[in-house]
Amino acid sequence: MASSAGHRASSVGGAGGEMAAAELGGAVMGSARAAWDLLPLDGVGPLRFGMNMAEVTAALPDMIELRRFQADPSFREILGLEFGARPAEPAVYAYFVGSLLFCIAVEAVCGPQVMLWGRELTGCVPADLERFLLHAHDCGVIDASYGPRGNPGANGLGLVVRVQEVASGVVTRPVMVGRAWADRCTDDWEGAIPECEWVGRQWTYRGHPEHWPPPGHAPNWHGWQPPF
């Protein structure tokens, strides 16, 4: 069960996260990083949930498809496509089921800057972005919650905020789903977001491991290996 946002504060961030955000911000300032507005439950930037693969590719003329991969060990029909401007710089992950786009994740360093109500969601200090979500929750704007592994988000927005380790620290990675897949999307056990997006660094809080799978735990993935 997801817990209420008002009942827990994250310990991700701090000096390491602030340093990472500052360094990334400095790099991004001089780059042509695109800004994508999040239209909750409908799409983000030029992408709309429900597009087919050809439409997604056409909507990203400045990116190339870098690879395809199986995104979930239990639902083999979920296909992930990785897009980027250059082979070594993935920027956007698009996930399809039944050939329809249902989930989008944006890479923290090279991905577009996703904007929600004027607030940046990509490559941010986790604690700062969490405060934004909690404030919106307290004001009754959204119903924020945390999944079992501690990642915050809002089912009503189809949004989960993950963290991503980079050379200079830990920064945020937005993951978004469409209206038909938003129910319990913050729940990493029962929601629609594919397993590959839950693997790795977690939103740290007391009493829970910082990584999934935690040390010494071997999930029954039936031979599947996380793609990144």
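Colleague: What is the strand order of the open sheet of five strands?
Modeller: This is a predicted model, in which local features need pLDDT of at least 70, side-chain atom pairs count only at pLDDT 80 or more, and totals for chains, interfaces and linings use all residues. Residues are numbered from 1 along each chain as its sequence is written, and side-chain values use heavy atoms, with hydrogens and water left out. Strands are DSSP runs (E, at least two residues, numbered from the N terminus), and two of them pair if DSSP finds at least two bridges between them. With mixed pairing, the open sheet of five strands has the order β4-β3-β2-β9-β10.

Colleague: Which strands are the edge strands of that sheet?
Modeller: An edge strand here pairs on one side only.

Colleague: Which residue in β3 stands opposite Leu-38?
Modeller: Strand β2 (residues 35-39) runs antiparallel to strand β3 (residues 43-44), and two bridges pair them. Across this pairing, the residue of β3 that faces Leu-38 is Val-44.

Colleague: Which backbone nitrogen does the side chain of Gln-113 reach?
Modeller: Gln-113 belongs to strand β9 (residues 113-116) and is buried (under 20% relative accessible area with a 1.4 Å probe, protein chains only; exposed is over 50%, and partly exposed lies in between), because its relative accessibility is 10%. Beyond its neighbours within four places in sequence, Gln-113 is in contact (heavy atoms within 4.5 Å) with residues including Arg-33, Trp-36 and Glu-120. At 2.9 Å, its side chain reaches the backbone nitrogen of Thr-122.

Colleague: Is strand β8 largely enclosed or open, and how many of its seven residues are buried?
Modeller: Strand β8 covers residues 100-106 and is largely enclosed by the rest of the structure. Six bridges join β8 to strand β7 (residues 89-97), while three bridges join β8 to strand β14 (residues 169-177), and both pairings are antiparallel.

Colleague: Which residue is the bridge partner of Phe-96 in β8?
Modeller: β7 and β8 form a hairpin with two residues between them, and Gly-98 in the turn has a positive phi of about 60°. Within β8, the residue bridged to Phe-96 is Leu-101.

Colleague: How many residues does the largest nonpolar core have?
Modeller: A nonpolar core is a set of buried Ala, Val, Leu, Ile, Met, Phe, Trp, Tyr and Cys residues joined through side-chain atoms within 4.5 Å. Among the residues with the most contacts inside the largest one are Leu-101, Ile-104 and Met-176, and Ile-104 has Met-176 as its bridge partner in β14. Leu-101 is also in contact with Leu-47, Val-56 and Trp-181, among others. The size of this largest core is 36 residues.

Colleague: What share of the 228 residues in the protein chain is buried?
Modeller: The secondary structure of the chain comes to three helices (H or I runs of at least four residues) and 16 strands. Of its 228 residues, the buried share is 52%.

Terms used
A polar contact is a pair of N or O atoms within 3.5 Å; within protein, one must be able to donate a hydrogen and the other to accept it, and residues adjacent in sequence count only if both atoms are side-chain atoms.
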